[in-house]
Amino acid sequence: MTIKQSFGRPVTETDTDIAIVGGGLSGTLAACILGRAGYRVTLIDRHRVIPEEFRVEKIGAEQVAALQRLRLLGSVSAAAVAFDDVVHVHKGSILDRTNGRHFGFRYNKLVSALRAALPANVSLVFGQVNGVQTGASRQRISILGQDEITARLLVLATGIGDILHRDLGISHRSVAEKRSLALGFNLSPIGAKSFRHVALTYHGASDGIDHMNLFPVPGDTRANLFVFRDPRDPWIKSLHESPKDTLAAIFPSLSEAIGDFEIVGAVDSWLSDITIAENCQQDGVVLIGDAFQSSCPATEIGVSRLLMDVERLCTVHIPQWMAASAFDRTKIAAYYGDPQKQESDALALQLAAHRRNLATNTDLRWRTRRQIHFLRRRAVHAVANLSPALAEKLHRLAERHVKSPARSPA
Ligand SMILES: Cc1cc2nc3c(=O)[nH]c(=O)nc-3n(C[C@H](O)[C@H](O)[C@H](O)COP(=O)(O)OP(=O)(O)OC[C@H]3O[C@@H](n4cnc5c(N)ncnc54)[C@H](O)[C@@H]3O)c2cc1C
């Protein structure tokens with residue numbers, strides 16, 4: 001290794017094809033795909049042991065399909081519990097049931113399992129990246145107290161609010177500030193070995209409560225509750241202090257639906273901003289996942305958006321750039337301008353606004369829309385009890401008719 005002067009101090013450098021800063025879900029998935037494609041990849045994250053942070057804990061539908069397409073579902077399923085049937089409840093009674101493969105997991109365990117499955121040509125480096133210098137042909141990554149890394153391409157998968165972006169002049173435009181609050185906790189059945197349903201979604205009733213998912217994760221039953229309420233609302237305080245009573249007040253007959261229960265351990269909470277990176281069309285560097293655009297957790301679409309970033313970047317754009325040995329901003333622009341990526345980014349924003357309106361908006365248009373939505377679901381469910389074939393036809397018809405916001409997993 002050559003000894004070079006950089007960032008004002010002598011360092012040893014390691015060279016790689018692609019350096020990925022950020023070993024959360026998006027960075028680790030990208031490293032898997034690029035490593036399998038034969039590139040020399042260095043994945044850098046500040047955490048050797050991933051902390052138990054509250055992030056996505058359940059995936060389904062198109063997220064499962066995308067992971068399967070990318071041959072990554074095996075590692076995901078090893079760290080998760082699979083389930084298919086979800087019972088939907090609204091205003092104290094069953095709305096309908098949906099069926100499709102889902103997986104429940106804890107985020108840190110999932111990312112650890114993916115890291116364990118990284119191919120041999122991916123080097124995993126633990127450390128805090130504290131400086132980057134980028135250009136059309138060479139990128140320099142400085143890690144606190146460690147050797148410098150040089151790479152042909154730099155991928156930033158650093159999640160929300162990383163300071164490296166500032167070094168590069170990348171800013172984050174907030175499109176929805178502190179809008180939705182996600183709460184996560186574990187539930188245990190009382191007087192029974194298990195709950196009545198493996199998974200259940202309880203839909204809110206336009207009072208700022210969006211929905212609550214109950215689903216299995218390894219060793220526990222987990223609840224994810226999504227609300228659009230001011231975090232200073234006394235209701236939030238009472239949820240932390242006496243969660244069971246507070247839940248009973250907003251979700252009538254919850255105990256009848258699942259059986260008696262208690263809440264075990266702490267209630268995690270996360271207040272979300274939606275931000276989009278600006279000025280990121282630069283030589284030699286690309287942003288993926290939340291580092292590019294964060295999502296409203298209530299839409300449950302963050303993973304779909306990041307999977308689109310990872311899939312388009314790693315299977316379409318990087319192979320072209322590598323073949324042409326060109327990483328200037330005009331080439332990089334093709335990734336940000338990718339029509340499939342743009343559609344997925346726009347859908348995530350559209351869905352965030354849609355869910356907020358469904359949960360909070362009391363004007364006539366939204367009240368009617370909400371009523372029609374739940375009436376239609378109840379009607380199809382009633383038909384399904386009489387004729388499953390006819391219900392399936394109605395379902396397909398509705399899917400074709402309803403525009404994209406209905407694609408939210410919730
Ligand atoms: C509460 C909550 C609930 C959610 N629920 C859902 C859901 O139900 N469905 C869904 O689809 N999506 C959901 N999401 C969204 C989803 O969790 C995120 O989109 C996803 O986790 C983003 O992954 P990421 O890899 O981009 O970022 P992160 O997971 O944040 O990873 C970033 C990584 O970068 C590392 N890093 C940052 N800076 C540096 C540095 N300078 N040096 C070294 N390492 C660095 C960090 O250590 C971290 O490991 C939810 C999000 C939240 C917050």
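This is a predicted model: local features need pLDDT of at least 70, side-chain atom pairs count only at pLDDT 80 or more; totals for chains, interfaces and linings use all residues.
Q: Let's look at a strand. Which way do the residues of β12 point?
A: You read a strand by checking which side each residue faces. In strand β12 (residues 200-203), L200 and Y202 point one way, while T201 and H203 point the other way. Every one of these four is buried.

Q: Which strands pair with β12, and in what sense?
A: For pairing, look at the sense of the two strands and the bridges between them. Strand β5 (residues 81-90) pairs with β12 in the parallel sense over 4 bridges, and V89 stands opposite Y202 there. Strand β13 (residues 209-217) also pairs with β12, in the antiparallel sense over 4 bridges. Across that pairing, T201 has N213 as its bridge partner, and H203 has H211.

Q: How many residues lie between β12 and β13 in their hairpin?
A: There are 5 residues between those strands, and S206 in this hairpin takes a positive phi near 60 degrees.

Q: What comes next along from β13, and is β13 mostly covered or open?
A: β13 is mostly covered, with 9 of its 9 residues buried. β13 also pairs with β14 in the antiparallel sense, over 8 bridges. One example is F215, whose bridge partner in β14 is R222. The hairpin of β13 and β14 has 2 residues between the strands, and G219 in the turn shows a positive phi of about 85 degrees.

Q: Where do I find positive phi in residues other than glycine?
A: Check the backbone angle, then see where the residue sits. N279 has a positive phi near 60 degrees and lies in the loop between β15 (261-278) and β16 (285-287). E300 has a positive phi near 55 degrees and is found in the loop between β16 and α9.

Q: Why does R229 count as partly exposed?
A: R229 falls in between those cut-offs because it has 17 C-beta neighbours inside 10 Å. R229 lies in the loop between β14 (220-227) and α6 (234-241). Leaving aside neighbours within four places in sequence, R229 is in contact with L181, G208, W235 and I236. As for W270, it is 41 residues from R229 in sequence and 12 Å away in space, C-alpha to C-alpha.

Q: Which residues have the most contacts inside the largest nonpolar core?
A: In soluble globular proteins, nonpolar side chains tend to be buried together. The largest nonpolar core here has 63 residues, and I20, A30, I141, V155 and I288 have the most contacts inside it. Helix α9 (residues 302-324) gives this core its largest share, 9 residues. There's also a second, separate core of 35 residues, with Y202, L225, F228 and A348 among them.

Q: What is I288 in contact with?
A: Skip the neighbours within four places in sequence and look at who is left. For I288, the contacts are S26, A30, V155, A157, L306, D309, V310 and L313.

Q: How many residues surround the ligand, and which are the closest?
A: For a ligand, list the residues around it, then sort them by class. The ligand is surrounded by 34 residues, and the closest are G22, G24, G159, G289 and G302. By class, this shell has 15 nonpolar, 12 polar and 7 charged residues.

Q: Which elements each supply at least two residues of that shell?
A: α1 (25-36), β3 (41-45) and α9 each do.

Definitions and conventions:
Residues are numbered from 1 along each chain as its sequence is written. A residue is buried if 20 or more other C-beta atoms lie within 10 Å of its own, exposed if 12 or fewer, and partly exposed in between; C-beta atoms are placed from the backbone. Two strands pair if DSSP finds at least two bridges between them. A nonpolar core is a set of buried Ala, Val, Leu, Ile, Met, Phe, Trp, Tyr and Cys residues joined through C-beta atoms within 7 Å. Two residues are in contact if their C-beta atoms, placed from the backbone, lie within 7 Å. A residue is near a molecule or strand if its C-beta atom, placed from the backbone, lies within 6 Å of it. Ala, Val, Leu, Ile, Met, Phe, Trp, Tyr, Cys and Pro count as nonpolar, Asp, Glu, Lys and Arg as charged, and the others, Gly among them, as polar.
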